[in-house]
Amino acid sequence: MSRVDFAYGAAHRLRMACGTAARHVGAGRRLLVYCTDERRLRRFDALLWEFEPASFIPHALADDPLADQADVVLVADAATLAGTPPLGWLLNLDLDCPPGAERFERILEIVSGHEADIQAARRRWTLYQQAGHDVRGHRLPADHPAGGNHRGA
């Protein structure tokens with residue numbers, strides 16, 4: 001089974017996800033990012049371009065010919081996720097659990113202070129536990145650049 005880490009209290013979920021992706025790329029690790037919400041995935045894609053002006057986070061959609069070379073692979077649907085080789089780590093930006101979660105060594109979940117985000121995260125937590133995954137929660141400190149008590153997804 002997978003280890004699932006929830007980071008709670010992100011001031012801005014997608015900006016925190018960009019920072020998470022940057023840390024993994026900096027550590028030499030490739031990362032899958034799963035999200036079926038097309039609008040949210042497009043916003044995340046755009047943020048990856050502008051997140052750190054002095055650097056670039058190599059990323060591509062899973063169906064892009066360059067996806068094999070990208071450090072961050074964006075996956076927009078369950079069928080594509082099932083057909084994409086697991087890279088070990090998956091960052092879930094969807095409101096539901098990713099299908100085939102057991103295929104991944106680690107799953108990362110980022111939760112903002114927005115009530116809908118919190119409720120969806122609680123549902124995912126329960127489903128992960130029921131499936132037998134090792135689920136852990138981590139409260140982001142208020143002084144963390146992406147933490148705090150701000151509301152927003």
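Biologist: Which backbone oxygen does the side chain of H59 reach?
Modeller: The side chain of H59 reaches the backbone oxygen of I57, at 2.7 Å. That is a polar contact: N or O atoms within 3.5 Å, within protein one able to donate a hydrogen and the other to accept it, with residues adjacent in sequence counting only if both atoms are side-chain atoms. Bear in mind that this is a predicted model, where local features need pLDDT of at least 70, side-chain atom pairs count only at pLDDT 80 or more, and totals for chains, interfaces and linings use all residues. Residues are numbered from 1 along each chain as its sequence is written, and side-chain values use heavy atoms, leaving out hydrogens and water.

Biologist: Which side chain does H59 make a polar contact with?
Modeller: That of W49, at 3.3 Å.

Biologist: And is H59 buried or exposed?
Modeller: H59 is buried, since its relative accessible area is 12%; buried means under 20%, exposed over 50% and partly exposed in between, with a 1.4 Å probe and protein chains only.

Biologist: Switching to S2, what does its side chain reach?
Modeller: The side chain of S2 reaches the backbone oxygen of A101 at 2.6 Å. S2 also counts as buried, because its relative accessibility is 1%.

Biologist: What else does S2 touch?
Modeller: Not counting residues up to four places away in sequence, S2 touches residues including F104, I107 and H133, where contact means heavy atoms within 4.5 Å.
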